[in-house]
Amino acid sequence: MSEQHVLSPPEQILSLPREDDCFNLIDGEWRRAADGRIVESRNPATGALIGAVPQSGAADVDEAVRAARAAFDGWRKTPAPKRAEILFRVGERLIQRKRELGELMAREMGKVLPESLGDVQEAIDMTFYAAAEGRRLFGYTTHAELPSKFSMCVRDPIGVVAAITPWNFPIAIPTWKLMPALVAGNTVVFKPSQDTPFCAVELVRLMHEAGLPAGVLNLVHGAGEETGAALAQHPGVDLVSFTGSHAVGRQIAIRGAEQMKRVSLELGGKNAIMVLADANLDLALEGIVWSAFGTSGQRCTAASRVIAQREIAEELTARLVVAARKLRLGDGLRPETHVGPVINAGQLRRIHDYVQIGKAEGATLLCGGEIATEGDLAKGHFYRPTVFGDARPQMRVCQEEIFGPVTVVIAVADLDEAIAVNNATPYGLSTSLYTQDVNAAYRAIRDVTTGLFYINAGTIGAEVHLPFGGTRGTGNGHREAGQAMLDIFTEWKTVNVDFSGKLQRAQME
Ligand code: NAD
């Protein structure tokens with residue numbers, strides 16, 4: 001084991017309060033659930049208990065929303081550069097604690113340590129990027145159509161934001177919501193996934209310690225159907241920023257519409273890597289293995305389809321199977337591990353059920369297709385990297401998000417068919433194309449209908465200064481990150497100043 005991977009005992013990783021169920025942050029105080037219920041967090045590689053957090057009920061959610069509401073006026077009136085100063089301090093603390101946060105994440109979520117550290121790095125990048133908006137948040141001035149009149153528009157915060165997040169990027173995704181929301185002057189109630197509560201506790205702790213006023217950021221833990229639903233439907237919440245599954249996102253949007261709430265959704269994907277006959281196959285293979293099996297396939301941008309031109313489909317598939325079989329499963333904290341566990345027993349079953357569906361539909365199972373139980377793997381939730389061949393575009397395994405280490409190979413005649421197959425799923429998040437033909441690349445840029453597109457790279461690897469999100473069932477038109485993130489967390493106010501000293505009537509003939 002390299003020095004870099006020597007593990008610290010849990011008590012050195014977590015500098016948590018001594019009470020073991022006191023991890024909701026409401027109005028600047030660490031609290032238990034009002035009714036004292038707790039929910040456990042366990043390491044998906046070993047089953048070891050990490051700790052317990054409150055199972056918050058409607059009363060806890062209500063207190064958190066009230067605290068956020070009460071803090072809103074003071075926070076929105078705090079100059080944006082001053083709000084940003086706190087976020088810069090958060091960024092510095094994230095840098096200082098990157099290693100321990102990465103180790104905590106590898107324990108709690110299961111991804112391999114280099115990926116966990118990458119998740120924390122993304123959070124650092126987003127924190128600094130959003131903090132820099134404190135000195136921008138640009139509106140604009142323009143000409144008025146009437147004389148002696150001045151026109152401009154400014155960005156106002158929206159109010160109380162509910163941030164509901166999944167477990168697969170347990171520090172990065174929350175920062176994609178919290179940082180732009182806060183720098184823009186909103187207050188927040190954050191409900192992280194029940195599978196990764198301690199990553200959220202540590203993130204919120206260091207944000208709290210960096211000097212956020214009480215009530216500006218609140219944290220409530222608990223199961224989605226209870227805590228998440230109570231938060232999303234709370235009448236005191238103005239905006240729900242949700243990342244998670246399509247089914248839950250749709251439900252939140254429907255209920256939100258009834259309340260005329262703003263709802264921003266980042267949902268699933270059925271992403272594809274298209275490989276043309278002229279591609280550099282070594283490069284394509286590396287991109288496929290990384291995009292399909294990195295994070296055990298549990299990325300919204302994971303390549304769960306390979307669309308290969310028929311001339312090279314057989315060779316590419318054979319090489320992919322060899323590469324997939326070589327991937328070592330194990331604890332994400334061990335340096336020899338390539339692929340960590342999946343998040344929980346329910347997800348393991350779901351992946352295995354999809355493999356049965358694929359077989360029943362007539363796809364050929366080429367490798368994997370089983371739960372791994374040898375040695376220490378029996379203690380966790382491990383699934384063997386799985387490749388299906390002979391897949392047809394309309395099969396369920398080619399249409400539905402599996403969210404595990406499973407990919408399918410679909411053979412096509414040419415680029416046009418590849419793009420048609422790529423575009424014909426209920427999702428529209430990420431696509432990539434491997435080719436050496438510049439014309440083919442530009443045709444694909446024009447015709448691919450996903451929100452993210454890569455040439456000669458895999459389907460994963462977001463950068464915080466670029467818009468992130470998808471089309472069709474992947475979302476409802478918003479983009480996180482980049483300048484687009486400000487459109488989620490602010491609304492425009494158009495301001496007109498008439499200094500003519502008389503009534504001027506616009507649009508009068
Ligand atoms: P999930 O939908 O089960 O849960 C997401 C969050 O919603 C969790 O905090 C959960 O507790 C909460 N929740 C569950 N039911 C709820 C309800 N009825 N009301 C309110 N909140 C509720 O998703 P997950 O399993 O945590 O994450 C995996 C999914 O997230 C995948 O579909 C993946 O594609 C998607 N995802 C999308 C992106 C993106 O940016 N597009 C990024 C990461 C993950």
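A residue is called exposed when its relative accessible area is over 50% and buried when that area is under 20%, with partly exposed covering the range in between. The model shown in these close-up views is a predicted one.

**View 1. Tyr140 and Trp492 form an edge-to-face aromatic pair.** Tyr140 is exposed, because its relative accessible area is 52%, whereas Trp492, at 42% relative accessibility, counts as partly exposed. The centres of the two rings lie 6.1 Å apart, and there is an angle of 65° between their planes. Tyr140 belongs to strand β5 (residues 140-142) and Trp492 to strand β21 (residues 490-498), so this pair ties together parts that are 352 residues apart in sequence.

**View 2. Phe23 and Phe198 form an edge-to-face pair, and the structure holds five aromatic pairs.** With their centres 5.1 Å apart, the rings of Phe23 and Phe198 have their planes at 75°, which is why the pair is edge-to-face. Phe23 lies in the loop between α1 (10-13) and β1 (24-26), while Phe198 lies in helix α7 (residues 197-209), so the pair ties together parts that are 175 residues apart in sequence. Phe23 counts as buried at 2% relative accessibility, and Phe198 is likewise buried, with a relative accessible area of 1%.

**View 3. The charged end of Lys111 sits over the ring of Phe169.** The distance from this charged end of Lys111 to the centre of the Phe169 ring is 3.6 Å.

**View 4. Arg205 lies over the face of Trp30.** In this view, Arg205 is found at 5.4 Å from the ring centre of Trp30.

Technical notes: Residues numbered from 1 in each chain as written. Predicted model: local features only at pLDDT ≥ 70, side-chain atom pairs only at ≥ 80, totals over all residues. Heavy atoms only, no water. Phe/Tyr/Trp six-rings, centres within 6.5 Å; stacked < 30°, edge-to-face > 60°. Helix = DSSP H or I, 4+ residues; strand = E, 2+ residues; numbered from the N terminus. Buried < 20%, exposed > 50% of the residue type's maximum accessible area, 1.4 Å probe, protein only. Lys NZ or Arg CZ within 6 Å of the ring centre and 35° of its normal.
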